[in-house]
Amino acid sequence: MESSQDIQSNRIVIIGAGLGALYAALTLAPRPVVMISPDPLGQGASSAWAQGGVAAAMDVSDSPEAHAIDTTRAGAGTVDAEVAALVTREAREHILDLTTLGAPFDRTEDGGYVMSREAAHSFARVVRVKGDQAGAEIMRALIERVRATPSIQVIEGVLAEGLEVRDGTVTGVRLISSAPEGSAGVLLRGSAVLMAGGGSAGLYAITTNPPRIRGQALGMAARAGAEIADAEFVQFHPTAMDVGEDPAPLATEALRGEGATLVNATGARFMLDEHPDAELAPRDVVARAIFAQSQAGKRPLLDTRAAIGADITTLFPAVSSACARNGIDPTQEPIPVAAAAHYHMGGIATDLDGRSSLPGLWACGECASTGLHGANRLASNGLLEALVYARRAAEDIARGQDAPHEAAPVHLELTPGGEGADPALVAKLRQCMTRNVGVVRDADGLRAALREIAALCAKQPDCESFQNICTAATMIAVAALMREESRGAHERSDFPEPLPALASRSRLTWDAAKALRDSLLDPYVSDPETS
């Protein structure tokens with residue numbers, strides 16, 4: 001799609017404004033950077049909503065090696081061992097760096113870090129802030145530093161909708177207004193592009209993700225030709241609060257780390273029969289158990305009364321606030337919960353320095369797939385991965401740049417025009433994903449999803465933002481159809497067992513995904529009103 005303006009800049013372009021984007025921008029200083037943020041800084045990014053914290057072996061009894069073992073075990077056979085060793089080894093220095101940058105981690109009286117234990121960790125190694133405020137408080141500290149750094153320009157209210165590729169290299173980004181009415185496109189060229197635009201869990205009707213996080217970064221990169229890895233692995237958080245909100249409020253895993261239990265409407269503690277670790281079993285195990293209880297009409301609930309009691313209001317203010325606005329008193333009654341799409345292990349395939357398969361494009365954060373998470377992310381490894389790869393990508397970009405230099409600010413003139421994604425079509429796509437590509441999948445449902453997504457996609461062919469969303473959904477469904485086994489967060493009811501021969505990461509291009517999708521369309525392609 002042609003753009004109304006073509007702006008040449010010698011700044012490094014960072015798409016996104018979450019933890020990875022902010023940390024990378026600070027690492028690149030004093031090299032000139034321009035950050036593209038659809039919302040005001042601190043709003044709209046999944047990082048700001050993260051409750052648990054950052055996983056790191058900070059205690060003398062713990063070690064990076066133990067952390068790597070837990071990461072590998074949770075990842076169900078597809079974690080890249082080299083990546084796990086690297087990330088867990090670097091974790092401690094990033095916690096110390098964040099502390100220096102002003103992140104107010106909870107501390108003990110003797111100055112140590114307060115740490116929580118979360119599912120599938122063998123130690124209490126999740127460094128937290130104000131109980132369940134880690135993401136918001138870390139983001140606040142980084143935003144303050146970014147605002148005070150002269151080399152970083154932040155453009156708010158602007159959305160990336162496409163990558164310009166010339167001679168096989170990413171050379172620029174197409175931008176529009178993030179307002180609902182959109183705008184005509186503007187092409188911004190830069191000296192390098194770092195994609196840090198968030199994950200894909202908002203593609204589902206039941207999700208914990210901010211409203212704008214719907215796979216646009218993955219879809220944009222895939223449409224430009226980047227290789228996508230592990231797209232089928234979507235993590236469903238077991239304990240989203242089932243209170244009718246969209247997005248669903250999160251009841252952090254740290255509650256179960258403090259001893260909260262899962263019961264159903266009859267009062268039965270159902271996780272005792274599911275796994276030796278009961279409520280602290282890996283997330284995929286707990287999510288499927290909660291989904292099964294919901295499907296059976298048994299109303300799963302999280303009971304914090306005995307373990308936490310009245311302290312929930314001070315220890316977990318975000319949970320308490322969500323309960324209060326929904327008329328729930330967690331000191332007197334259990335909290336209704338449901339499994340909700342929470343984190344995408346899949347994304348833009350990167351190497352150890354955050355490089356994608358497309359020259360000129362790097363990726364970090366949830367939109368990237370580094371090999372750390374495998375088939376099932378270990379709790380609180382998400383923020384850690386974002387930190388490690390933001391720095392590594394920034395350092396790699398810097399190595400290929402000239403010495404720090406002055407750069408003129410980027411001035412965008414966004415004029416009326418274009419079209420935004422139709423909210424009704426987006427809603428139908430999200431319902432399709434929850435119905436057919438959710439906690440439990442099968443071939444018939446996945447094929448039906450691909451046909452429906454194709455029909456919806458055809459209704460707004462000229463809207464790049466909607467095409468990005470549809471592309472991400474298609475990549476997930478195609479990868480899920482191709483993996484004929486159950487592994488980690490990917491559960492196939494028609495292939496219920498893991499197969500040793502398939503214990504490896506998946507790799508997929510948009511051309512390959514389209515070919516498989518298109519093979520399913522006849523004779524459905526002529527009927528745009530499929531379910």
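This is a predicted model: local features need pLDDT of at least 70, side-chain atom pairs count only at pLDDT 80 or more; totals for chains, interfaces and linings use all residues.
Q: What makes the protein count as compact, given its 531 residues?
A: The protein holds 15 helices and 20 strands. Its radius of gyration is 22 Å, and because this is close to the 24 Å that the globule rule gives for 531 residues, the protein is as compact as a globular protein of that length. Along its principal axes the C-alpha trace spans about 65 × 60 × 45 Å.

Q: What share of the residues is called buried, and what does that word ask of a residue?
A: A residue is called buried when its relative accessible area is under 20%, and buried residues make up 61% of the 531 residues. The accessible surface of the protein comes to about 19400 Å², with 50% of that surface belonging to carbon and sulfur atoms.

Q: How do you know what share of the contacts joins residues at least 24 apart in sequence?
A: A contact requires heavy atoms within 4.5 Å, and among the contacts between residues at least 6 apart in sequence, 73% join residues at least 24 apart.

Q: Which residues of helix α3 are buried, and against what do they pack?
A: In α3, which runs over residues 64–74, the buried residues are Ala66, His67, Ala68, Asp70, Thr71 and Ala74. These buried residues pack against β4 (54–55), α4 (81–101) and α11 (381–399). Just after the helix, Ala76 takes a positive phi of about 60 degrees.

Q: Why are some spaces in the structure called cavities, and how many of 30 Å³ or more are there?
A: A space is called a cavity because a 1.4 Å probe fits there but cannot get out, and the structure holds 2 cavities of 30 Å³ or more.

Q: What makes up the lining of the largest cavity, and which element gives the most to it?
A: The lining consists of Gln235, Phe236, Arg283, Asp284, Ala287, Arg288, Asn376, Val439 and Ala489. The elements that give two or more residues to this lining are β13 (234–241) and α8 (283–295), and α8 gives the most, with 4 residues. By class, the lining has 4 nonpolar, 2 polar and 3 charged residues.

Q: Which residues line the second largest cavity, and how do they divide by class?
A: Ala74, Ala119, Ala120, Glu253, Pro282, Arg283, Asn376, Arg377, Leu378 and Ala379 form its lining, and by class they comprise 6 nonpolar, 1 polar and 3 charged residues.

Q: What makes a pocket something other than a cavity, and what lines the second largest pocket?
A: A pocket is an open set of points, whereas from a cavity the probe cannot get out. The second largest pocket has about 440 Å³ of space and is lined by 16 residues, of which Ser178, Arg212, Arg214, Gln216 and Ala421 lie nearest its centre. At least two residues of the lining come from each of β9 (169–177), α12 (423–436) and α14 (464–482), and the lining divides into 9 nonpolar, 5 polar and 2 charged residues.

Q: Why is Leu272 called exposed?
A: The word exposed applies to a relative accessible area over 50%, and Leu272 has 51%, so Leu272 is exposed. Leu272 is found in the loop between β14 (261–263) and α8. From Thr261, Leu272 is 11 residues apart in sequence and 9.8 Å apart in space, C-alpha to C-alpha.

Technical notes: Residues are numbered from 1 along each chain as its sequence is written. Side-chain values use heavy atoms; hydrogens and water are left out. Buried means under 20% relative accessible area, exposed over 50%, partly exposed in between (1.4 Å probe, protein chains only). On a 1 Å grid over the protein atoms alone, a cavity is a set of points where a 1.4 Å probe fits but cannot get out, and a pocket is an open set with protein on both sides within 12 Å along at least five of seven lines; lining residues have an atom within 4 Å of a point. Grid points are joined across faces, edges and corners, and a volume is the space filled by probe spheres set on the points. Ala, Val, Leu, Ile, Met, Phe, Trp, Tyr, Cys and Pro count as nonpolar, Asp, Glu, Lys and Arg as charged, and the others, Gly among them, as polar. The radius of gyration is taken over C-alpha atoms; the globule rule is 2.2 Å times the number of residues to the power 0.38. Accessible areas come from the Shrake-Rupley method with a 1.4 Å probe; for residues, only the protein chains shown count as cover.
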